[in-house]
Amino acid sequence: MFLSRPIILLIGWVYIRIKYPCYDLQPASEDVEDLWRDENYAAPLVNMNPERQQLYETCQRLGVGITVMKAFGGGDLLDASMSPAGKALTANQCLHYALTRPAVSTVLAGAHTAEQLKISLAYEDASEEEKDYAAALASFPNISWKGHCMYCSHCAPCPQAIDVASVTKYLNLAKAQGTVPETVREHYALMPHHAGECIQCGACETRCPFEVSIMENMKAAKELFSY
Ligand code: SF4
Ligand code: SF4
């Protein structure tokens with residue numbers, strides 16, 4: 001069987017987790033069971049854990065691919081009664097969230113049954129609408145992603161054809177580093193349209209489910225990259 005994306009299917013129990021929706025907001029722990037403790041969800045969850053975010057950004061900057069395990073949170077995220085968000089995601093949404101984080105190249109999708117395996121494989125043929133996680137995450141009642149770019153591209157289309165998600169990703173990578181790494185500068189240069197072309201029309205901000213200050217980000221990117 002040929003897979004166009006590197007989804008590796010792992011049968012059985014996987015005990016190491018790297019990242020997936022909801023748990024991206026939790027601090028890293030040596031004990032994976034900590035993630036499921038009720039007290040960890042007593043207070044509202046706000047955005048991605050900064051250390052975790054820094055890890056992804058550092059990996060992307062250095063060209064290190066991240067492999068994701070437990071993209072479904074042991075199945076919790078697919079079940080509203082178990083998910084810390086109180087709402088269920090689909091397998092396509094979980095896989096797409098993981099694969100669109102910085103530096104992530106592979107998801108190990110666990111399965112206990114052939115049916116679960118088929119559900120993961122269906123990602124290969126899923127439409128963009130089926131993979132879209134933005135509206136679902138934005139509606140999670142127990143979690144605030146406000147102001148945090150998910151690189152979901154819901155803000156498109158831009159009348160200047162700026163790829164806002166990519167500009168924001170390169171901006172965040174440079175901010176995390178405190179300077180503009182050469183690889184980030186090269187990737188930014190390769191984009192057909194740059195932040196400097198932003199006319200501050202605000203159309204993108206009306207479409208962003210996470211209330212990101214996109215116009216401010218475009219200004220910051222223009223200043224940082226000089227165009
Ligand atoms: S700015 Fe908003 S809509 Fe655009 S990629 Fe980021 S989170 Fe998605
Ligand atoms: S504010 Fe800038 S980035 Fe957003 S849609 Fe308008 S031109 Fe594009």
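Colleague: Which relative accessible area counts as buried, exposed or partly exposed?

Modeller: Buried means under 20% relative accessible area. Exposed means over 50%. What lies in between is partly exposed.

Colleague: Is His154 in this model buried, exposed or partly exposed?

Modeller: This is a predicted model. His154 is found in the loop between β5 and α6. Its relative accessible area is 27%. That value lies between the cut-offs of 20% and 50%, so His154 is partly exposed.

Colleague: What separates the C-alpha atoms of His154 and Val164?

Modeller: Along the chain, His154 and Val164 are 10 residues apart. Helix α6 covers residues 164-177.

Colleague: How much of the chain counts as buried?

Modeller: The chain has 227 residues. The cut-off for a buried residue is under 20% relative accessible area. The buried share comes to 45%.

Colleague: How many helices and strands does the chain have?

Modeller: Along the sequence, the pattern is β-β-α-β-α-β-α-α-α-β-α-α-α-α. The secondary structure comes to nine helices and five strands.

Colleague: Is strand β4 mostly covered or uncovered?

Modeller: Strand β4 spans residues 104-111. Six of its eight residues are buried. That makes β4 mostly covered.

Colleague: Which residue of β4 is the bridge partner of Met69?

Modeller: Strand β3 covers residues 66-69. It pairs with β4 in the parallel sense over four bridges. The partner of Met69 in β4 is Leu108.

Colleague: What is the hand of the β-α-β unit made by β3, α2 and β4?

Modeller: Helix α2 holds residues 91-99. Together with β3 and β4, helix α2 makes a β-α-β unit. The unit is right-handed.

Colleague: Which residues are closest to ligand 1?

Modeller: Ligand 1 sits in the second largest cavity. Its shell has 11 nonpolar, two polar and no charged residues. In total, 13 residues surround ligand 1. The closest are Cys149, Cys152, Ser153, Cys155 and Cys208.

Colleague: Which cavity does ligand 2 take?

Modeller: The residues surrounding ligand 2 include Cys158, Cys198, Cys201 and Cys204. Val164, Met215 and Met218 are also among them. By class, the shell has nine nonpolar, three polar and no charged residues. The space taken by ligand 2 is the largest cavity.

Colleague: Is the peptide bond from Ala156 to Pro157 cis or trans?

Modeller: Most peptide bonds are trans. Pro157 lies in the loop between β5 and α6. The bond from Ala156 to Pro157 has omega near 5 degrees. The bond is cis.

Colleague: What is phi of Tyr151?

Modeller: Most residues other than glycine have a negative phi. Tyr151 is not a glycine, yet its phi is positive. The residue belongs to the loop between β5 and α6.

Colleague: Why does Tyr151 count as buried?

Modeller: The cut-off for a buried residue is under 20% relative accessible area. Tyr151 counts as buried because its relative accessibility is 11%.

Colleague: Is Ala161 buried, exposed or partly exposed?

Modeller: Ala161 has its place in the loop between β5 and α6. Its phi is positive, near 60 degrees. The relative accessible area of Ala161 is 45%. Exposed would need over 50%, so Ala161 is partly exposed.

Methods: Residues are numbered from 1 along each chain as its sequence is written. Chains are lettered from A and ligands numbered from 1 in the order in which they are written. This is a predicted model: local features need pLDDT of at least 70, side-chain atom pairs count only at pLDDT 80 or more; totals for chains, interfaces and linings use all residues. Side-chain values use heavy atoms; hydrogens and water are left out. Buried means under 20% relative accessible area, exposed over 50%, partly exposed in between (1.4 Å probe, protein chains only). Helices (H or I, at least four residues) and strands (E, at least two) are DSSP runs, numbered from the N terminus. Two strands pair if DSSP finds at least two bridges between them. A crossover is right-handed if, with the strands pointing away from the viewer, the path from the first strand over the helix to the second runs clockwise. A residue is near a molecule or strand if one of its heavy atoms lies within 4 Å of it. On a 1 Å grid over the protein atoms alone, a cavity is a set of points where a 1.4 Å probe fits but cannot get out, and a pocket is an open set with protein on both sides within 12 Å along at least five of seven lines; lining residues have an atom within 4 Å of a point. A molecule sits in a cavity or pocket if more than half of its atoms lie within 2 Å of its grid points. Ala, Val, Leu, Ile, Met, Phe, Trp, Tyr, Cys and Pro count as nonpolar, Asp, Glu, Lys and Arg as charged, and the others, Gly among them, as polar.
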